[in-house]
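Subject: A structure for you to look at

Hello,

Here is the structure I promised to hand over. Please open it next to this email and follow along.

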Amino acid sequence: MRVFTFDTTLRDGTQGEAVTFSADDKLLVLHKLDELGIDYVEGGWPGSNPKDKDFFARAKDVKLKHTRLAAFGATRLARNKVEDDVSVNALVDAGTPVVTIFGKSWDLHVHRALNISENENLALITDTVKYLKAHGKEVVYDAEHFFDGYVNNRDFALRTIEAAKMAGADVICLCDTNGGMLTSRLGEICADIRKRFDGVLGIHTHNDCELAVANALAAIEQGFAHVQGCTNGYGERCGNANLTTIIANLELKMDHTTIGKERLAHLTAAARFIAELANLPMRGDQAYVGHSAFAHKGGVHVSAVLKDSTTYEHVSPKVVGNRQRVLLSDLSGRGSVLYKLKQHGLEDRLDDAARRDLLDRMKQLEFQGYELEAAEGTFELLVREALRPGQQFFEVVSYETTSKSNGTTAATVTLKAQDGIHSATASGNGPVNALDLALRQCLSSLYPSISDVQLTDYKVRVLDFRKGTAARVRVLIEWSDHRRSWSTVGVSENVIEASWLALVDALRLELMRLSEQDSDVSRAVEDYCWGV
Ligand SMILES: [Zn+2]
């Protein structure tokens, strides 16, 4: 069956607590969803705020290849004639080919929220749908709280969607607005509605019982051919149905067509692009498109997956544009280390003892609280050290910091290099900044190109929080040298020491890279540490 996809990230998604998009961001999201082959994109409420009004004004000039843009609003106010209703007219003026309007299906809302009679509510629906149809719009009618309304007063709920249908609505979309429905009950209700109504039926579910995706799929199993949701499941409270997951399930598990198999390979990139615009970290464990969705860590899993990926992967990551990752950690056996070394032609460079040492070192560090998956830089350093044992650029003799009452900090660092002792003092706006400056000052006379490396982010995580201020902390520092970025990690009970360890490792790594810049081994290490 062809199932039409309706993405409401720009409307319902932005009602999520952490989600905001500027009008520029919204246009970029619209383009991305158009490229992905989403059938409808709901852009916002033109009648409710100036930002959405601006978006619709600008969207008029956008040439879309596939997507039909929808404006969203409510049925007319009870006190207004439809032609005089400002919000309904704002929907017409938005200039979109599609308009979504929501109306009440739950008698509780009609009596309590609108304070009107049931028949008056039906008139609001009829008038508004007719008016929009008369203006040439494709109308999607969202039956708000339909399932709660059906459970509470079935006849009334049915009459509301009948009114929308009779007035000419193109899609009748049933909404589980409070997200409280269980899948089996929702499926039964959808089956009943399918029997009573012909034409396109839609489903709009929320994730308050973590069932939004399952509920949307249950409706589609009953023959519903229009599905609403948000990219990455953004939305109010616990979010909307995750449209990204729904699309993959429909295409790969249920033999329905949405964006098509070819575009499905762009699903991961689109989901991550939109997360980036929303300025939200992508959930690692998100189905199909998360960073960890095809990551293998346990030794048994890794060795099986390397023989045949179907042993621990329900689909091939490639079909959704994701990739398999083999993680190195205290759980992984020698198999995964060897696999990765082999993949990059490094296996022969290390003898058995060196490979074992490398693995032991990794396990030891992870036991102390290092997280090598998140700190590619520290991991790369370990591999380089295993390949070049004994290569030393400098030794730390001492370091110390002193905080001043004006908020600045001074740091003094003393290093021993081949040509003798180097010492430097610097002040910064905190101990980490001061140590960073003093360390570079020491090294820059010996290795001038070290100054290209910049600290770009600094994160501290408490490891055993029950110990309060005496707890061990993990410091993760991100670096960039204009070409790429990487992270290094340090763990200690002392936050300054943890930061220092991460600082020193970052600069030691950069020196190793610079000294071997043109060698095959160096390139292979980079591919090894970054490519898989
Ligand atoms: Zn909703």
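In which helix is the place of Ala498? Ala498 sits in helix H18, which covers residues 495-515. Keep in mind that this is a predicted model.

Stay with Ala498 for a moment. Is Ala498 buried or exposed? Ala498 is buried, because its relative accessible area is 0%. Now look at what surrounds Ala498. Setting aside neighbours within four places in sequence, Ala498 is in contact with Val473, Val475, Gly490, Val491 and Ser492. Then find Val460. Ala498 and Val460 are 38 residues apart in sequence, and their C-alpha atoms are 9.2 Å apart in space.

Next, the barrel. Here 8 strands close into a barrel. Their order is E1-E2-E3-E4-E5-E6-E7-E8, and the pairing is parallel. Neighbouring strands of this sheet are turned by 25° against each other on average, with direction ignored. A reminder on what holds such a sheet: strands pair through backbone hydrogen bonds, either parallel or antiparallel.

Strand E3 (residues 68-74) pairs with strand E4 (residues 98-104) in the parallel sense, over 5 bridges. Ala70 stands opposite Val98 in E4. Helix H7 (residues 154-166) lies across E4, strand E5 (138-144) and strand E6 (171-176). H7 runs at about 155° to E6.

Now the metal. Which residues are the protein donors of the zinc ion? They are Asp12 (OD), His204 (NE2) and His206 (NE2). These donors lie 2.0 to 2.2 Å from the zinc ion. Their spacing in sequence is D-x191-H-x1-H. Asp12 is in the loop between strand E1 (4-7) and helix H1 (23-36), and His206 is in the loop between strand E7 (200-205) and helix H9 (212-221), so this pair ties together parts that are 194 residues apart in sequence. Asp12 and His206 are both buried.

On to the nonpolar cores. How many residues does the largest nonpolar core have? It has 84 residues. Tyr141, Phe146 and Ile193 have the most contacts inside this core. H9 gives the largest share of this core, with 7 residues. Not counting residues up to four places away in sequence, Phe146 touches Ser105, Ala157, Ile161, Leu174, Cys175, Ile189 and Ile193. There is also a second, separate core of 32 residues.

Last, the aromatic rings. The structure holds 9 aromatic pairs. One of them joins Phe55 and Phe56 edge-to-face, at 5.2 Å centre to centre and 70° between the planes. Both Phe55 and Phe56 are buried. Tyr399 and Trp500 form a stacked pair, at 4.4 Å centre to centre and 20° between the planes. Why does this pair tie together parts that are 101 residues apart in sequence? Because Tyr399 lies in strand E11 (residues 395-403), while Trp500 lies in helix H18. Tyr399 counts as partly exposed, because its relative accessibility is 27%. Trp500 counts as buried, because its relative accessibility is 4%. One more group to find: Trp45, Phe72 and Phe102 form one aromatic cluster.

Best wishes

Methods: Residues numbered from 1 in each chain as written. Predicted model: local features only at pLDDT ≥ 70, side-chain atom pairs only at ≥ 80, totals over all residues. Heavy atoms only, no water. Donors = N, O, S within 2.8 Å, 3.2 Å for Na, K, Ca; no water. Helix = DSSP H or I, 4+ residues; strand = E, 2+ residues; numbered from the N terminus. Buried < 20%, exposed > 50% of the residue type's maximum accessible area, 1.4 Å probe, protein only. Contact = heavy atoms within 4.5 Å. Core = buried A, V, L, I, M, F, W, Y, C linked by side-chain atoms within 4.5 Å. Pairing = 2+ DSSP bridges. Axes fitted to C-alpha atoms, helices over the stretch in contact; angles between N-to-C directions. Phe/Tyr/Trp six-rings, centres within 6.5 Å; stacked < 30°, edge-to-face > 60°.
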